[in-house]
Amino acid sequence: MAIFAYVSGALFAAAWWVFIDGTVSSGVKYDFVMWLPGIIGTAGFFMYVVLLINRINSTKPAQLTGGDGGFLGEGGGSNKFRVWFFLSVLVSFLAVIAAVWIKLDYGKVKNDWSQHPWTGTSLIIQSAILIISAFCFWGARYRPSDDF
């Protein structure tokens with residue numbers, strides 16, 4: 001399973017490398033808006049990192065919340081982890097949606113990307129690779145037993 005952690009790190013670095021390549025190769029001035037898909041995708045990545053697969057389906061309250069309620073309050077730990085997983089997926093796909101929006105709308109209004117189509121495409125590819133990286137790392141943290 002450790003190989004997935006290495007693959008995840010390589011994909012994470014590749015995602016940001018694609019973004020940098022899109023920035024440098026086009027010569028188009030990047031505004032803060034163009035950084036948002038990568039920042040949002042990275043936030044989604046770290047939201048996945050705090051979850052363990054085997055804890056999502058667990059029914060043991062002490063295991064889910066540390067016995068004292070943890071940071072999410074008392075009881076219903078499995079549902080709280082499912083909500084957190086849903087929010088992680090939502091944030092990750094929000095990055096892809098933002099990248100597509102920037103490519104289609106912002107690129108045509110603010111910049112003429114017809115001569116540099118890689119600029120907007122790199123944002124979409126970066127967001128997709130960040131999602132794949134997050135799932136690889138999440139899978140690498142899977143432990144089949146409850147022995148921590």
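**Reading a helix pair and a core**

Student: In which hand of crossing does α1 pass α2?

Tutor: α1 passes α2 in a left-handed crossing, meaning the near helix is turned anticlockwise from the far one by less than a right angle. Helices here are DSSP runs (H or I, at least four residues), numbered from the N terminus. This is a predicted model, where local features need pLDDT of at least 70, side-chain atom pairs count only at pLDDT 80 or more, and totals for chains, interfaces and linings use all residues. Residues are numbered from 1 along each chain as its sequence is written, and side-chain values use heavy atoms, without hydrogens and water.

Student: What angle do α1 and α2 make, and how far apart are their axes?

Tutor: Two packed helices are described by the angle between their axes and the distance between the axes. Helix α1 (residues 2-26) and helix α2 (residues 36-49) pack at about 165°, with axes 11 Å apart. That makes α1 roughly antiparallel to α2 (an angle over 145 degrees).

Student: Which residues make the contact?

Tutor: Contact means heavy atoms within 4.5 Å. From α1 come Ser-8, Phe-12 and Trp-16, while α2 brings Gly-38, Ile-39, Thr-42 and Phe-45.

Student: How many residues does the largest nonpolar core have?

Tutor: Such a core joins buried Ala, Val, Leu, Ile, Met, Phe, Trp, Tyr and Cys residues through side-chain atoms within 4.5 Å; buried means under 20% relative accessible area (1.4 Å probe, protein chains only). The largest has 12 residues, among them Trp-16, Phe-19, Tyr-106 and Leu-130. α1, α5 (77-109) and α6 (117-140) each supply at least two, and α1 gives the most, with four.

Student: How many helices and strands does the chain have?

Tutor: Six helices and zero strands. Buried residues make up 38% of its 148 residues.

Notes. Axes fitted to C-alpha atoms, helices over the stretch in contact; angles between N-to-C directions. Parallel < 35°, antiparallel > 145°, perpendicular 65-115°, else oblique. Buried < 20%, exposed > 50% of the residue type's maximum accessible area, 1.4 Å probe, protein only.
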